[in-house]
Amino acid sequence: MTAERLQKILARAGVAARRKAEDLMRAGRVTVNGRIAVLGEKADPAVDPVKVDDKRIQCAPSHRY
């Protein structure tokens, strides 16, 4: 996979909608590779551990047509 915006990753994992994911990031509840995520950050869920409230999320694969 390639790096994607964290909001999109969290939405696809079913954690929250993209706008609500931004609120989670502002509150400091989202971490990537052990550090607090900031708005606009990108990650590759296949290699970067993304956590919300210290629980790692499982990202669903994206659909390709």
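This is a short talk about the fold of one protein chain and a few of its residues.

Hi everyone. Before we start, please keep in mind that this is a predicted model, in which local features need pLDDT of at least 70, side-chain atom pairs count only at pLDDT 80 or more, and totals for chains, interfaces and linings use all residues. Residues are numbered from 1 along each chain as its sequence is written, and side-chain values use heavy atoms, with hydrogens and water left out.

Let's begin with the whole chain. What is it built from? The protein chain has two helices and six strands. Here helices (H or I, at least four residues) and strands (E, at least two) are DSSP runs, numbered from the N terminus. Along the principal axes, the C-alpha atoms fill a box of roughly 35 × 25 × 20 Å.

How much of the chain is buried? Of its 65 residues, 34% count as buried. Buried means under 20% relative accessible area, exposed means over 50%, and partly exposed is in between (1.4 Å probe, protein chains only). As for contacts, meaning heavy atoms within 4.5 Å, residues 24 or more positions apart account for 44% of those with a separation of 6 or more.

Now to the sheet. In general, strands of a sheet pair through backbone hydrogen bonds, either parallel or antiparallel. In our model, an open sheet of four strands has the order β3-β2-β5-β6, with antiparallel pairing. Which strands stand at the edges? They are β3 (35-36) and β6 (55-56), and each has a single partner strand, so one side of each is left without a neighbour in the sheet. Two strands pair, by the way, if DSSP finds at least two bridges between them. Strands β2 and β5 (residues 50-52) run antiparallel and are joined by three bridges. If you look there, you will find Val30 opposite Val52 in β5.

Let's stay in β2 for a moment, which covers residues 30-32 and holds Thr31. Is Thr31 buried or exposed? Its relative accessible area is 17%, so Thr31 is buried. Not counting residues up to four places away in sequence, Thr31 touches Ile36, Ala37, Pro49, Val50 and Lys51.

Next, the loops. Gly40 is exposed, with a relative accessible area of 55%, whereas Glu41 counts as buried at 10%. Which residues touch Glu41? Leaving aside neighbours within four places in sequence, Glu41 is in contact with Glu4, Arg5, Leu6, Val32, Arg35 and Ile36. Take Arg5: Glu41 and Arg5 are 36 residues apart along the chain, but their C-alpha atoms are separated by 6.0 Å.

Two other loop residues have a backbone angle to notice. Asn33, in the loop between β2 and β3, has a positive phi of about 55° although it is not a glycine. At 43% relative accessibility, Asn33 counts as partly exposed. Asp54, in the loop between β5 and β6, has a phi near 65°, again a positive value in a residue other than glycine. Asp54 is exposed, with a relative accessible area of 69%.

Last stop: helix α1, residues 6-12, where we find Arg12. Arg12 is partly exposed at 22% relative accessibility. Arg12 and Cys59 are 47 residues apart along the chain, and their C-alpha atoms are separated by 6.5 Å. Ala11 is in helix α1 as well, and counts as partly exposed at 31%. Its contacts, leaving aside neighbours within four places in sequence, are Ala16, Ala17 and Arg18. Ala11 and Ala21 are ten residues apart in sequence and 7.2 Å apart in space, C-alpha to C-alpha.
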